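Work through the exercises below with the sequence and the coordinates open. Each task is followed by a solution in steps.

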Amino acid sequence: MQTSAQIKQRFEESIPWGSSTCAKVPRQEFEPCAMKSGKGCRTYDVLGNDYVDFKCALGPVTLGYSYEPCNEAIRRQLEDGIAFSNPHILECEVAEKLVAHIGCFEKVRFLRTGGEACAAVIRIARAYTGKNHIIQIGYNGWLNGLAIGGKVLPNVKIQQAVPGVPLEISAFYHAANWNDMQVIADYFEQYKDDVAAIIVSADYEHMAEGKTFYPALRKITEENGALLMYDEIVTGFRIALGGVGEYFGVQPDLAVFSKGMGNGVAISAYGGKKEIMETCGRNGKAFITSTSGGETIGLASVNVVIDTYLKEDVVGHMWKMGKKMWDGVNALFDKHHIPLEFRGLYPCPALCEADESADKGRFMNLAFKHGVVLYGTSYVNFSHQDSDITEAHKRLEEACKEYIQE
Ligand SMILES: Cc1ncc(COP(=O)(O)O)c(C=O)c1O
């Protein structure tokens, strides 16, 4: 039997950074070195440890790990076939459901990853408006991490030239912080009539500010003939089925959904106003296609996910369980005088350090040790029940006790 350190070393030897997904690489001593399986809200590592999981595979697991209705649909689809030489009927059926239930989607297309779909809407925005500059708020996937000062990973900003990206390309991408309307107005002033779009992903700690920020973005884009595009990759199927567009009641021109849609199967959707989406249509100016765009395993899973959201109050459950979980954890932090706090909206709050003495990495390490997986942005899913939350609180109380002893 190999130790955790030996397994981590094996990953490092054949995979740069130790995984194809940087945010999954274990950073803490007690963080699971490699996973074996998951069921509902529980995950199991290769060493036999079990966890109550609030990382949810970085967000995609909205219904639960190995969720039986999704599994059943996937199994059925495997029997029928995964890929075909013409579009499978599911592509049309799922598109119709998304158009019916996602506020800004009048037309929609599919890809496999979130970043790829963000690149697609950026391409459409430029082709539709005939303008070049893009204002980015937050992370939009690795291949769109092109702005100097912007996010190249969810938690990494690069202040100088982005390695691997010619300065001439970066010159068309402009990073702005969440809720910083002054900087955004300055970009519109500086690039006058050449801003194609703003693409915005939410700031999880300060998401409530979206109440005034999204209307301000809507206004400034309309005033300047630019498109407003939401990156709903984390927020879609989580704070509401239709993400921030639905929750805050301000719709964009285009939006990208991905993580929550497939309950873990890789799929993304980009869509929006019919007239704008026709830019990537037969007579349009933007050419976007992928061999696996309508791959059926992802579509089979999304199909079940949407039906489940419509039949059961999945979003309500996430808000309710999220409240129970994060209010309870914050109460533990208070009780043990630990200056950490979950802030933001209950379905996707951010773990924040309330003062300089706080060390969230060390706390997360102790949480792993006691069998709870937390993350910078933590999530409940539809499979978390009251008893799981109670158990997680018990385990985290042990982590709190150890945290203050050290
Ligand atoms: C807000 C946001 N946008 C885009 C992405 C990129 O999606 P993907 O990793 O599927 O390319 C992520 C992934 O973490 C994300 O959180």
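**Exercise 1. The ligand site**

Solution. The model is a predicted one. Next, look for backbone contacts. A polar backbone atom of Gly114 is 2.8 Å from an oxygen atom of the ligand, and a polar backbone atom of Tyr139 is 3.2 Å from a ligand nitrogen atom. Then list the shell: the residues around the ligand include Thr113, Gly115, Asn140, Ser201, Tyr204, Ile233, Val234 and Lys259. By class, the shell residues divide into 4 nonpolar, 6 polar and 2 charged.

**Exercise 2. Two aromatic pairs**

Task: Classify the ring pairs Phe333 with Phe342 and Phe363 with Tyr403.

Solution. Two quantities are needed, the distance of the centres and the angle of the planes. The structure holds 17 aromatic pairs. For Phe333 and Phe342 the centres are 6.4 Å apart and the planes are at 15°, so this pair is stacked. Both Phe333 and Phe342 are buried. For Phe363 and Tyr403 the centres are 6.0 Å apart and the planes are at 70°, so this pair is edge-to-face. Phe363 belongs to helix α12 (residues 360-369) and Tyr403 to helix α13 (residues 386-405), so the pair ties together parts 40 residues apart in sequence.

Now check burial, for which the limit is under 20% relative accessible area. Phe363 has 0% relative accessibility and therefore counts as buried. Tyr403, at 6%, counts as buried too. Finally, inspect the ring of Tyr403 for a charge: the charged end of Arg362 sits over it, 4.1 Å from the ring centre.

**Exercise 3. Positive phi angles**

Task: Where are Ser66 and Asn179 found, and what is the phi of Ser66 and of Asn179?

Solution. Begin with the expectation: most residues other than glycine have a negative phi. Ser66 is not a glycine, yet has a positive phi of about 45°. Ser66 is placed in the loop between β3 (50-53) and α2 (68-80). With a relative accessible area of 34%, Ser66 is partly exposed.

Asn179, also not a glycine, has a positive phi of about 60°. Asn179 lies in the loop between β8 (173-176) and α6 (181-190). Its relative accessible area is 31%, so Asn179 is partly exposed.

Definitions and conventions: Residues are numbered from 1 along each chain as its sequence is written. This is a predicted model: local features need pLDDT of at least 70, side-chain atom pairs count only at pLDDT 80 or more; totals for chains, interfaces and linings use all residues. Side-chain values use heavy atoms; hydrogens and water are left out. Rings of Phe, Tyr and Trp (its six-membered ring) pair if their centres lie within 6.5 Å; planes under 30 degrees apart count as stacked, over 60 as edge-to-face and the rest as tilted. Buried means under 20% relative accessible area, exposed over 50%, partly exposed in between (1.4 Å probe, protein chains only). Helices (H or I, at least four residues) and strands (E, at least two) are DSSP runs, numbered from the N terminus. A charge sits over a ring if NZ of Lys or CZ of Arg is within 6 Å of the ring centre and within 35 degrees of the ring normal. A residue is near a molecule or strand if one of its heavy atoms lies within 4 Å of it. A polar contact is a pair of N or O atoms within 3.5 Å; within protein, one must be able to donate a hydrogen and the other to accept it, and residues adjacent in sequence count only if both atoms are side-chain atoms. Ala, Val, Leu, Ile, Met, Phe, Trp, Tyr, Cys and Pro count as nonpolar, Asp, Glu, Lys and Arg as charged, and the others, Gly among them, as polar.
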